[in-house]
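Hello,

Here is the structure I promised to pass on to you.

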Amino acid sequence: MTSATTDILTRLERYYDAVPRSIARAEDFGPLTLFVRTGAGHPYYARPTSGWSGAPATAADVERVRARQRELGVPEAFEWVPETTPGLRRTLEETGLATQERPLMLLEDDGLAPPPNSLVRLLTADDPALSGALAVPYLAFADLGTAVGQAGPAELAAVIEARKAEGDGSVERVADRIRAGRSVVAAAVEDGVVLCAGQHLPVGTATEIVGVGTLPSARRRGLAVAVTAELAADARAHGIATVFLTATDDAVARVYARAGFRRIGTAMEAAAE
């Protein structure tokens with residue numbers, strides 16, 4: 001691993017530590033930090049403690065975190081980068097957690113190759129497409145892969161209505177984050193239907209592009225690349241030097257490579273089965 005890659009991964013570790021703190025509290029477990037969401041929304045996870053210089057995490061450390069997660073009623077979940085914390089995978093697996101790895105990718109300086117797509121735009125906090133933009137990933141990630149699928153506009157409308165009926169409040173939360181500059185949402189919208197959407201979450205001079213998902217029936221149209229490029233261009237326009245993402249798998253990583261991203265490492269996840 002080159003010194004430049006090491007420097008980038010160090011910056012990512014600082015980002016990973018900073019980004020949850022606006023809506024979560026950090027509980028100290030020595031070599032591990034558990035982020036506990038303070039409001040409604042998807043629960044967070046535990047990560048290696050940023051800047052930790054002591055002994056590596058042991059199985060006992062992991063078990064203490066897992067006990068706390070069970071006490072809180074949140075998933076027993078951990079995320080980390082093995083190139084930065086190489087021994088953690090074995091330790092987590094020793095405690096019975098299942099692990100999964102995904103490509104970690106960085107935008108090259110000469111990225112953003114795809115031309116603009118007329119369907120893609122950045123969404124404001126009061127954009128009527130916001131509810132659809134937040135619902136599309138549910139359908140996209142329920143049918144993983146890049147092949148054209150069955151779920152289309154009717155299924156998307158049903159998800160939007162179901163989330164509204166449940167009162168999950170995600171639209172209001174993300175709208176507040178857009179107003180505060182903590183989230184940027186882009187979507188491909190055709191005839192009022194959101195076909196693809198994603199976000200980037202800026203903190204200082206770094207941002208992660210997350211949740212890019214395409215309505216299964218709208219795949220193979222280059223929309224994920226277009227949305228990703230729009231988000232990356234916005235980040236660059238605002239002076240953000242480090243733009244990165246985690247691909248679902250190698251096939252999806254090849255899609256992001258067309259938007260100027262290259263693999264620099266691995267994003268690991270561990271969870272109780």
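Below is what turned up, starting with a pocket and moving on to the aromatic rings. Please keep in mind that this is a predicted model.

H1 provides the largest share, with three residues. Sorted by class, the lining has nine nonpolar, nine polar and two charged residues.

Now for the rings: the whole structure has six aromatic pairs. In one of them, Tyr 16 and Phe 244 have ring centres 5.7 Å apart and planes at 85 degrees, so this pair is edge-to-face. Because Tyr 16 belongs to helix H1 and Phe 244 to strand S10 (residues 242–246), the pair ties together parts that are 228 residues apart in sequence. Both Tyr 16 and Phe 244 are buried.

Another pair is Tyr 256 with Phe 261; the centres are 6.5 Å apart and the planes stand at 65 degrees, so this one is edge-to-face too. Tyr 256 is buried at 7% relative accessible area, and Phe 261 is buried at 4%.

Ring pairs join Tyr 15, Tyr 16 and Phe 244 into a cluster, and Arg 47 lies over the face of Tyr 16, 4.0 Å from the ring centre.

Best wishes

Definitions and conventions:
Residues numbered from 1 in each chain as written. Predicted model: local features only at pLDDT ≥ 70, side-chain atom pairs only at ≥ 80, totals over all residues. Heavy atoms only, no water. Helix = DSSP H or I, 4+ residues; strand = E, 2+ residues; numbered from the N terminus. Nonpolar A, V, L, I, M, F, W, Y, C, P; charged D, E, K, R; others polar. Phe/Tyr/Trp six-rings, centres within 6.5 Å; stacked < 30°, edge-to-face > 60°. Buried < 20%, exposed > 50% of the residue type's maximum accessible area, 1.4 Å probe, protein only. Lys NZ or Arg CZ within 6 Å of the ring centre and 35° of its normal.
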